[in-house]
Amino acid sequence: MNKTTDHFKRTIQAYLDNRAAEDKLFAANYNKPNKNIEDCVTYILNWVQKSGYNGFTDGEIYSQAVHYYDEDDIEVGKPLQCQVVVNHTVELTDEEKAEARQQAIRQYQAEELRKLQNRNKANIRCKEYDDLNNYWRQQPELQESAFLAQLQEASQKEQRVMQIWELAKYRLNKAIPPTLPFAVRKEHLIKSEAWNCWINQHNKHLEPAEITEENIQDEINIVGVRWGMEIMKRYQKLEWIPIAMNSGLCRIYIP
């Protein structure tokens, strides 16, 4: 490490030492056994090189130093031979130093809050998948050979089969079989929970007057799939937030 880089290292280390002395939350990360100032400097220099820029504020460089110590799994990069110019001719007042410390603490706390929120989301997502799987395992249709045959046929057509969608489509077809008169099938369809569910009503579908003997079966299948989406939405609320905010996204799931 050349003299200019060594000066840069001492500048970074002085900042980190001061911050660790004043911020107990950061001090725990700063004292991690797998972290050191040499790798910290190497990480910062690689980050600067990748950015394509030459000039940075103290805050930008210091935030990367803190980021290096915060993250356990971080790519440090290879040591670089370069010239680093450190310009510290401006002395901060006590008030400015206090504000800078507070700002750094706020930034750190915000980052920790973001990490906690992400962990909470992951826990919620896991629970939602478990709830949906429990629902699936309890369905009596899993004992019906006709439904199992439908799943097998779907798996031969598609690489990924959405089982809940197939379940809902099967149920709707079972409730509105082709053996019923057309007028009865049509009435049952437009009065069904599937037809009136949120996802079907917020996607393009046939109007009752447009349903004919020729297209009713296709419409039943489409509505059945959307009903399956509705069931999944009940259990996977976190996954379906974007769809709830933008109903148009639902269309990408319609076969």
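Helices here are DSSP runs of H or I with at least four residues, strands are runs of E with at least two, and both are numbered from the N terminus. This is a predicted model, in which local features need pLDDT of at least 70 and side-chain atom pairs count only at pLDDT 80 or more, whereas totals for chains, interfaces and linings use all residues. Residues are numbered from 1 along each chain as its sequence is written, and side-chain values use heavy atoms, with hydrogens and water left out.

## Helix pairs

The axes of α8 (residues 182-191) and α10 come within 11 Å and cross at roughly 20°, which makes α8 roughly parallel to α10. Axes are lines fitted to C-alpha atoms, for helices over the stretch in contact, and the angles run from 0 to 180 degrees between N-to-C directions. Angles under 35 degrees count as roughly parallel, over 145 as roughly antiparallel, 65 to 115 as roughly perpendicular, and the rest as oblique. On the α8 side, Phe-182, Arg-185, Lys-186 and Leu-189 meet Ile-216, Gln-217, Glu-219, Ile-220 and Val-223 of α10, where contact means heavy atoms within 4.5 Å.

Helix α10 also takes part in another pairing, with α7, and here the axes come within 7 Å and cross at roughly 130°, so that α7 is oblique to α10. This crossing of α7 and α10 is right-handed, and the residues that make the contact include Ile-164, Trp-165 and Leu-172 of α7 and Ile-220, Val-223 and Trp-227 of α10.

Elsewhere in the chain, α3 and α4 pack at an angle of about 125°, with their axes 9 Å apart, and these two helices are therefore oblique to each other. Their crossing is right-handed, and among the residues in contact are Ile-37, Tyr-43 and Trp-47 of α3 together with Ile-61, Tyr-68 and Tyr-69 of α4.

## The nonpolar cores

Which residues have the most contacts inside the largest nonpolar core? They are Ile-164, Trp-165, Leu-172 and Leu-189, in a core of 26 residues. A nonpolar core is a set of buried Ala, Val, Leu, Ile, Met, Phe, Trp, Tyr and Cys residues joined through side-chain atoms within 4.5 Å; buried means under 20% relative accessible area, exposed means over 50%, and partly exposed lies in between, for a 1.4 Å probe and protein chains only. Helices α5, α6, α7 and α10 each supply at least two residues of this core, and α10 gives the most, with 8 residues. A second, separate core of 23 residues includes Leu-16, Phe-26, Ile-37 and Tyr-69. In soluble globular proteins, nonpolar side chains tend to be buried together.

Leu-189 is found in helix α8 and counts as buried because its relative accessibility is 0%. Leaving aside residues up to four places away in sequence, Leu-189 touches Leu-172, Ile-176, Trp-195, Ile-211, Ile-216, Glu-219, Ile-220 and Val-223. The C-alpha atoms of Leu-189 and Pro-208 are separated by 9.3 Å, although these residues are 19 apart along the chain.

## Salt bridges

The structure holds 10 salt bridges, each being a side-chain nitrogen of Lys or Arg within 4 Å of a carboxyl oxygen of Asp or Glu. The table gives some of them.

| Asp-23 | Arg-19 | 3.7 Å |

Lys-32 is buried, because its relative accessible area is 15%. Asp-23 and Arg-19 form a salt bridge, and Asp-23 counts as buried at 6% relative accessibility, as does Arg-19 at 8%.

## The protein as a whole

The protein has 11 helices and 0 strands. Buried residues make up 35% of its 255 residues. Among contacts between residues at least 6 apart in sequence, 71% join residues at least 24 apart.

Methods
A crossing is left-handed if the near helix is turned anticlockwise from the far one by less than a right angle, and right-handed if clockwise.
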